[in-house]
Amino acid sequence: MTNNNWNRHHILSLADFEPAEYNMVLQTAASFREVLSRRTKKVPTLQGHVVANLFFEPSTRTRSSFELAAKRLSADTLNFSPGISSLSKGETILDTAKTYLAMGADMMVIRHREAGVPQMIASEMDRLGVRLSVLNAGDGQHEHPSQGLLDLFTICSLFDFDNPHIELLRDKKIAIVGDILHSRVARSNIWSLTATGAQVHLAGPSTLLPRLFTDYVGDQQQVTGTGSPIPQQQFSIAPPPSSITHRKLFVHWDIEPAIQDADFIMTLRLQKERMAANLLPSLREYHQRYGITRDRLQLCKPDVKILHPGPVNRGVEISSDLMDDPKLSLIAQQVTSGIAVRMALLYLIGSGRY
Amino acid sequence: MTNNNWNRHHILSLADFEPAEYNMVLQTAASFREVLSRRTKKVPTLQGHVVANLFFEPSTRTRSSFELAAKRLSADTLNFSPGISSLSKGETILDTAKTYLAMGADMMVIRHREAGVPQMIASEMDRLGVRLSVLNAGDGQHEHPSQGLLDLFTICSLFDFDNPHIELLRDKKIAIVGDILHSRVARSNIWSLTATGAQVHLAGPSTLLPRLFTDYVGDQQQVTGTGSPIPQQQFSIAPPPSSITHRKLFVHWDIEPAIQDADFIMTLRLQKERMAANLLPSLREYHQRYGITRDRLQLCKPDVKILHPGPVNRGVEISSDLMDDPKLSLIAQQVTSGIAVRMALLYLIGSGRY
Amino acid sequence: MTNNNWNRHHILSLADFEPAEYNMVLQTAASFREVLSRRTKKVPTLQGHVVANLFFEPSTRTRSSFELAAKRLSADTLNFSPGISSLSKGETILDTAKTYLAMGADMMVIRHREAGVPQMIASEMDRLGVRLSVLNAGDGQHEHPSQGLLDLFTICSLFDFDNPHIELLRDKKIAIVGDILHSRVARSNIWSLTATGAQVHLAGPSTLLPRLFTDYVGDQQQVTGTGSPIPQQQFSIAPPPSSITHRKLFVHWDIEPAIQDADFIMTLRLQKERMAANLLPSLREYHQRYGITRDRLQLCKPDVKILHPGPVNRGVEISSDLMDDPKLSLIAQQVTSGIAVRMALLYLIGSGRY
């Protein structure tokens, strides 16, 4: 395993990820997956390193995943607990981050309910001229890059377990269904999946689709029918990497055209608080219109697979029996991939320093 | 230390524990106690293993004990925190457990306020065909097997420190006093202590004795006077192990006959919320009728010892000075035993996999 | 590194610290700082030892610092979480401490909102004849000795990085500004800094100065003007170490005489709840009268440095730009010093046992 060609110091977003970077993550993760299959699942790679998990927004699942990844690499971990923090005493987020820097943290894994916080901390670290690396573990409705990468790793591994790479997904059809608007998972996956050459089809209630898309697609009828590719310049805020000249992205207000002949369906978690905001009528109606059911799967490729970032509302995004069907569901593999991919990310950004 | 003869994959209940299993736990724990007395208190036995502590019901004491036991065996630990969990987002308990399975947990230590949750998770793991082991760390009012085993270890060690085994307790008299009805500690101890051939005498207010017992014992006067053995078939729900043909269990509504000539008194924590439910009149009256005091100890064997699972309400279950008398109280030894016994349990269920 | 001459078993207060003890802490911390600069930042010194962090009062910053210090020494750590503890079930503090003792804790790092709790636990451990060491991590308004020592280490290191010792501060002028009355940080720093031979000048609103001082200083005008030394016997409750015959301590109700020609200004965190208690009019007025601003720094020595124990209320105790000026602020160094100093303390009290 070598990271001679890895030049990214922070992982904040997938918007500008190059194909070569995706492949380096996938291959490094595959190496660590091999380590995890051994009897002694630890490597001394990051011994003496400190990974500070700053989860300003609580999360058990993602924090545990990063924590275990760090321990597998023999790093020490520090957990920042929001409830009992200095923040309630009025300290700024940047000052909290600088405190962990001063304690000797080498990497920070940051989750915050506001978009841009990891970027803000990373910029400040760079301004200070320190080597600390920041890993975005979910910022508001912006991005969740490690989730995008572990989903990519999960899918690519189905086609070549030992040598996963993004070219394996060229021309596959992948549907992302649900609350696209509020989903950082969707946003990161749109970047990673469209970078592979796959066709990515978004479907959800119009109130839960990003304005950027609905503005562009314009006429509802046309979109509902077949979907329409979004040209690069409409979609991207950051300049896209030069190596990706076209992203095949389609938007639908109904689920059927999105999942027709799909190879993969990625369902998104529905936040129940969206109902309070009148963005959708009821969980039952949502399930009727957008839920993944055995009937709807008839539309897909015969060997279609289902992904969900978790935690799942059973019977809402997906019917309960499908979720437990190992021939259909990749949900457990996604969680398992999370450890290997996060080990890869900590390794890539963390071990360039000597 | 060898566990060639250990065949139990989960530890959920002591109801069907065989004498040979009790002895294997006791002897393994004695080996680990010897390790703990060395300068370097760690063994590499479970290096690379992951122990997930899923404490759906909060607990500092038991979680710390399991966590330290796991670290002494060089395992990695993951702590699931209920307050900040996916459960508040609607995830089912089984899905939470499967998430930790997918992350690579080898063992789960589970506490939940509802009886049967560890069993449910264990069954699901077996159904899935995975090797994950479940350890019940207290489920509702059902069982707390590691507590039952550490109490057994504490008592047996008094008679033979280097070679504790259950036969040492034959014909000893052990009283369990307090809120038997709601106590998982009592339930597990009833199984373990009656399996040794000891006489176990339960005493408590009639409102805090299990219905099963009071139904059986029938006439109050008779029971109050001397106690009455409970035949096997009345007491057991699960079929008892064939090797235990008779359990000597007696029930009393007054404390005196229970502790008369007792070798050990095990007092149970009184949950103050029982008063709100009108199950007992007041803490003071409880102490007057069932509290362990120096006067009452006159009834017992001269070298009687007192146990309590903690945390203690001083002056309620036991008068404060007795608790601090090292000649009488085994409370500190119970906590110390907890580390060695939990190391033994994690070792026995965890190391059969290679 | 040798601690042959270290005889203190607990670290509860700096009131009776001897100059030789300060110097041993400073030199040990300097050794550990050197370790922290290496690639592998860990030493096996406390392998197998258990450090229990009992933070009855929540704290992320100090707990993380002690936790990382313990991990750098290869100790295992147990964290006691107040919210989910047995305390809410009625257990006494001493019983909680004894539970962690019985589990095998070798050292306890204790924070509590009430003064004297660490002392009480230490006394009980000594009464029991056990070797467990107690480290006060902040008790009410009493003391925070590790903060006092890390501030001392930070300042002394400026004058001799490789060989910090207290004699380097002789005749320096150090101002401590703010809510002296409620500050355990101030109290510990008063002991450590006056032990060096430095002049220590306290300044703050009269409502936030300790009664002991204001009683003594008597006439307000005189104090405001120049400050007045506090004789030893007025200030000290515990008998002072014989080796320190005179502490140069001055009290001011205005900030100007305190910081005039100062080498160091230590600002204290203002607890916003003091306003509710009518102890000060407003944050803005506080800043106007006692805040550290670039204008006020004109009064000090040209190379004056600023300390703050954190977390900072930016724009209250100190203007925001000063805090971020690396030529002026020692705040980050204080946090970094915390790891090395706490490693030193755990090492000195923990490794005498073999």
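Analyst: In chain A, residues 24 or more positions apart account for 80% of the contacts with a separation of 6 or more; two residues are in contact if their C-beta atoms, placed from the backbone, lie within 7 Å. The model is predicted, so local features need pLDDT of at least 70 and side-chain atom pairs count only at pLDDT 80 or more, while totals for chains, interfaces and linings use all residues. Residues are numbered from 1 along each chain as its sequence is written, chains are lettered from A, and ligands are numbered from 1 in the order in which they are written.

Chain A has 15 helices and nine strands. Here helices (H or I, at least four residues) and strands (E, at least two) are DSSP runs, numbered from the N terminus. Of its 354 residues, 56% count as buried. A residue is buried if 20 or more other C-beta atoms lie within 10 Å of its own, exposed if 12 or fewer, and partly exposed in between, with C-beta atoms placed from the backbone.

An open sheet of five strands in chain A runs in the order β7-β6-β5-β8-β9, with parallel pairing; two strands pair if DSSP finds at least two bridges between them. Its edges are β7 (249-252) and β9 (305-307) of chain A, each with a single partner strand, so one side of each has no neighbour in the sheet. From one strand to the next, the twist averages 20°. Within this sheet, β5 (173-177) and β6 (199-203) of chain A are joined in the parallel sense by five bridges, and A:Ile174 has A:Val200 in β6(A) as its bridge partner.

The arrangement of the chains comes next.

Where chain C touches chain B, 21 residues of chain C are in contact with 22 residues of chain B. On the side of chain C, β2 and α3 each supply at least two residues, and α3(C) gives the largest share, five residues. By class, this side has seven nonpolar, nine polar and five charged residues. Ala, Val, Leu, Ile, Met, Phe, Trp, Tyr, Cys and Pro count as nonpolar, Asp, Glu, Lys and Arg as charged, and the others, Gly among them, as polar.

Eight of the 11 residues of α3 (93-103) of chain C are buried, so the helix is largely enclosed by the rest of the structure. The buried residues are C:Thr96, C:Ala97, C:Lys98, C:Thr99, C:Tyr100, C:Leu101, C:Ala102 and C:Met103. They pack against α2 (61-72) and α15 of chain B, and also against β1 (50-55), β2 (76-80), β3 (107-112) and α4 (117-128) of chain C. Just after the helix, C:Gly104 takes a positive phi of about 115°.

Towards chain A, 22 residues of chain C are in contact with 21 residues of chain A. Here α2 (61-72) and α15 (331-350) of chain C each supply at least two residues of the side of chain C, with α2(C) giving the most, six residues. This side comprises eight nonpolar, seven polar and seven charged residues.

In chain B, the axes of α5 (145-159) and α15 (331-350) come within 8 Å and cross at roughly 115°. Axes are lines fitted to C-alpha atoms, for helices over the stretch in contact, and angles run from 0 to 180 degrees between N-to-C directions. The crossing of α5(B) and α15(B) is right-handed; a crossing is left-handed if the near helix is turned anticlockwise from the far one by less than a right angle, and right-handed if clockwise. Residues of α5(B) including B:Leu149, B:Leu150 and B:Phe153 meet residues of α15(B) including B:Val341, B:Arg342 and B:Leu345. This contact has five nonpolar, six polar and two charged residues. In chain C, α5 (145-159) and α15(C) pack at about 115° with their axes 8 Å apart, again in a right-handed crossing.
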